[in-house]
Amino acid sequence: MTQETIDLSELQQFKEQFRLIDEKLEKQRIINDEILHSSMERRLSHIDRWYRRRFRALFCIPIIFLALYPHYGYMGWRYWGFLWYMVGTAALEFYLYRRSYRALDIKNLPSMTMSQAAENIARHKHLVESANKILLLPTVVLVAWTIFVSGGSESRLSIIAVTFVAMCIGIVFGLYQQRANRKRLDDVLEQIRKLRG
């Protein structure tokens with residue numbers, strides 16, 4: 001009887017220890033999930049801000065157009081054609097990147113299943129690559145036309161050089177940001193996989 005009481009007492013202690021370990025593991029899992037969610041939201045928030053800044057910049061193009069048109073519109077196709085082309089290129093870029101932004105569905109991405117999140121991210125990457133290919137020729141023409149228009153002033157060479165460098169820096173920075181966003185999305189996908197376990 002005494003041996004049986006000791007065994008039951010030890011069994012009770014083991015059960016209590018297992019319960020405490022289980023509680024600690026559950027708390028650790030919750031903390032890990034919270035850390036993953038926080039990291040995922042930070043990455044997605046960065047991508048969301050990048051898109052919003054880009055959209056705001058594209059909305060500035062028509063404002064620039066309206067501000068410059070009265071000053072240069074009377075000068076003929078070299079200026080007003082350039083301004084209209086700039087607005088058209090901005091509208092095309094806005095449409096293409098808005099489509100890729102919607103395909104990603106940033107707000108709902110963390111709550112999606114692994115397969116749905118992977119599908120959204122793959123579709124987003126495909127749309128961004130397609131947008132870059134579609135925008136390549138209009139961007140090259142826009143850079144060339146910008147240099148052509150800026151070369152019409154007295155200090156031709158310096159304005160052309162500054163314009164060219166500024167546009168190249170903008171394009172390179174945009175491509176760098178897209179690459180960083182792709183890396184962030186890969187990290188988010190890995191975090192979703194860990195959360196869904």
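This is a predicted model: local features need pLDDT of at least 70, side-chain atom pairs count only at pLDDT 80 or more; totals for chains, interfaces and linings use all residues.

Residues are numbered from 1 along each chain as its sequence is written, and side-chain values use heavy atoms, with hydrogens and water left out.

**The whole chain**

Start with a cartoon view. You'll find four helices and zero strands, in the order α-α-α-α along the sequence. Helices here are DSSP runs of H or I with at least four residues, strands are E runs of at least two, and both are numbered from the N terminus. Of the 197 residues, 32% are buried.

**The cores**

Next, select Leu 44, Tyr 51, Tyr 97, Leu 104, Leu 109 and Leu 185. These have the most contacts inside the largest nonpolar core, which has 22 residues. Such a core is a set of buried Ala, Val, Leu, Ile, Met, Phe, Trp, Tyr and Cys residues joined through side-chain atoms within 4.5 Å. Helix 1 (2-72), helix 2 (77-104), helix 3 (114-150) and helix 4 each supply at least two of its residues, and helix 1 gives the most, with six.

Zoom in on Leu 44. Setting aside neighbours within four places in sequence, Leu 44 is in contact with Ile 106, Leu 109, Pro 110, Leu 185 and Val 188; contact means heavy atoms within 4.5 Å.

Then pick Leu 83, Met 86, Leu 142 and Trp 145: they are among the 11 residues of a second, separate core.

**The rings**

Now show the aromatics. How many aromatic pairs does a search of the whole structure find? Seven. Rings of Phe, Tyr and Trp (its six-membered ring) pair if their centres lie within 6.5 Å; planes under 30 degrees apart count as stacked, over 60 as edge-to-face and the rest as tilted.

Select Phe 55 and Tyr 101. Their ring centres are 5.8 Å apart with planes at 85 degrees, so this pair is edge-to-face. It bridges helix 1 (Phe 55) and helix 2 (Tyr 101), 46 residues apart. Phe 55 counts as buried at 7% relative accessibility, and so does Tyr 101 at 12%.

Over to Tyr 85 and Trp 145: centres 5.5 Å apart, planes at 45 degrees, so the pair is tilted. Tyr 85 is in helix 2 and Trp 145 in helix 3, 60 residues apart. Tyr 85 is partly exposed at 23%, while Trp 145 is buried at 18%.

**Last stop: Gln 178**

Finish in helix 4 (residues 156-196), where Gln 178 has its place. Is Gln 178 buried or exposed? Buried, because its relative accessibility is 6%. Not counting residues up to four places away in sequence, Gln 178 touches Trp 50, Arg 54, Tyr 97, Val 128 and Asn 132. While you're there, look at Arg 54: its charged end sits over the ring of Tyr 97, 4.5 Å from the ring centre. That call requires NZ of Lys or CZ of Arg within 6 Å of the ring centre and within 35 degrees of the ring normal.

Notes:
Buried means under 20% relative accessible area, exposed over 50%, partly exposed in between (1.4 Å probe, protein chains only).
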